[in-house]
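Me: I want to learn how to read features in a model like this one. Where do we start?

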Amino acid sequence: MVTTSLPRAGMSPLMVLSSGLLFGYSTGAVAGVLEALTPAFDLSLNAQQLFVAALPGAAFIGAVAAGPLSSRIGRRRAMAATFILAIAGCLLTATQPGLVTLLAARLLIGIAVGISAMIAPMYAAEITPARHRGAVVGLFQLAVTLGILGAYAAPLLLVPEVHWALILALGLIPAAAGLLVVCRLPESPRWLAAQGMQDAAKDAATWLGIAAEMGSEGVGTPRARGPLWPLLTRGRTGAVLVLCSALFVLQNLSGIDAILYYAPHIFQQLGYAAGPSAFAATFGIGLLNVLATLVALRYVDRAGRRPLLILGCTAMAAGLAIVVGAAALDWPWLSLAGLGLYIAAFAISLGPLPYVLMSELFPTAIRETGIAAASAASWLFNMLVAFVFLSMVEWIGLAGVISLFLLVCLLALAVCYACVPETRGRSLETIEADVLANAPLRAVGGGLSD
């Protein structure tokens, strides 16, 4: 058995927190150093986009590998390997290498981020009591926002032209902390049960305090094995895969990645001076992101997943409409307010909730594969936005690009209203039974009836 001096209830949140911080800081740090890296390495516009897209591109590879990896060696070992990979990439970055070596380091970190973004929410969902599952899995998005905030603060505290390597390498801190935490956690009892390790599964479930809710059907039931297609055609499993993948695609195409990677550039386009003014506005948006995510964590297990998604997508569209109007009127303060509304709404809806839903909806037999596919779709479109955003702004202008993001938010609202079920407070076993019984998608978990 795993022993630890830390309170057992706090181990899962600490693992999620470390993973999210690594994700947020590693992806957000590029915003503060891109202007310094451009002259240092003589980067063209396309080279800038390629550098930014390198990490999400590598994360796509990590997401694809995450399912088979966690299925074969377990969630705990896969997370440990992920943190070790990130540590190696950060240490390499800290040496202030040349461009090729720096890209290699970013690729290592990206693979680690892609794997952890898929496994950490799933692992947390499997080891957390149902009454706290939404908040704990949603903590991943809070940690992401905290990591982004730290990345936005770094250029205000350090001179990017001098300390760009240090700014990029500070992801070492959450990676090392995560490795220490995950080494003290037990393996997921649901993964152990799926491998036929009944005694180990029962011990882990008891240690985690979830044995009662798993019940005799949840512990000690080996995973059904076989070809992928029959698993996808069982009940509503295929519909769950489509829904979760669609939520992540909409999340990335809604504009959040453009703001994450290019915030200082966006604020300069909206009328803010380059340097401290643009960085300060960027930090303000990052702070609002954190505060709004705290609100989401408070209400995700009270208000539920579906109401927050519908409310959030509506407010995101309204915020982006304000930005478009402000750009036309040349009112920088109004554009900042519109982006603030958009960020706050994203933080209570399309930010955390796709992670919560994907960790809940996939049946055990396909959980790793399904979550990996949804995560891979997320990173693929993340990379796409990173690679084309600056070119799109040159082509149709910032207001035109923001208008496209606005249309995506409206599409996300329609999808959430039509398809998303309510799963708060339901055990994973109850949700799985509904999915396999071919219950209407919106009624999965018993939260809604069509």
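Reply: Start with the aromatic side chains. This is a predicted model. One aromatic cluster is formed by Phe 23, Phe 140, Phe 248, Tyr 355 and Trp 379.

Me: How many aromatic pairs does the structure hold?

Reply: Eight. Take Phe 23 and Trp 379: their ring centres are 5.1 Å apart, with 35° between the planes. That pair is tilted. It links distant parts of the chain, with Phe 23 in helix H1 (residues 8-41) and Trp 379 in helix H17, 356 residues apart.

Me: Is Phe 23 buried or exposed?

Reply: Buried means under 20% relative accessible area. Phe 23 has 8%, so it is buried. Trp 379 is at 2%, so Trp 379 counts as buried too.

Me: Which residues form the nonpolar patch on the surface?

Reply: Trp 395, Ile 396, Leu 404, Leu 407 and Leu 410. Together they have about 540 Å² of accessible area. Trp 395 is found in helix H17, residues 367-419. Exposed means over 50%. Trp 395 has a relative accessible area of 66%, so it is exposed.

Me: What is Thr 82 in contact with, beyond its neighbours within four places in sequence?

Reply: Ala 112, Ile 115 and Ser 116. Thr 82 lies in helix H3, residues 75-94. Its relative accessibility is 1%, so Thr 82 counts as buried.

Me: How far does helix H14 reach from its first C-alpha to its last?

Reply: 36 Å, for 25 residues (305-329). That is close to the 36 Å expected at 1.5 Å a residue. Asp 330 follows H14, and its phi is positive, near 60°.

Terms used
Residues are numbered from 1 along each chain as its sequence is written. This is a predicted model: local features need pLDDT of at least 70, side-chain atom pairs count only at pLDDT 80 or more; totals for chains, interfaces and linings use all residues. Side-chain values use heavy atoms; hydrogens and water are left out. Helices (H or I, at least four residues) and strands (E, at least two) are DSSP runs, numbered from the N terminus. Buried means under 20% relative accessible area, exposed over 50%, partly exposed in between (1.4 Å probe, protein chains only). Contact means heavy atoms within 4.5 Å. Patches are made of residues with over 30% relative accessible area and no salt bridge: like charges are joined within 9 Å, nonpolar side chains (Val, Leu, Ile, Met, Phe, Trp, Tyr) within 5 Å. Accessible areas come from the Shrake-Rupley method with a 1.4 Å probe; for residues, only the protein chains shown count as cover. A salt bridge is a side-chain nitrogen of Lys or Arg within 4 Å of a carboxyl oxygen of Asp or Glu. The expected span of a helix is 1.5 Å times one less than its number of residues. Rings of Phe, Tyr and Trp (its six-membered ring) pair if their centres lie within 6.5 Å; planes under 30 degrees apart count as stacked, over 60 as edge-to-face and the rest as tilted.
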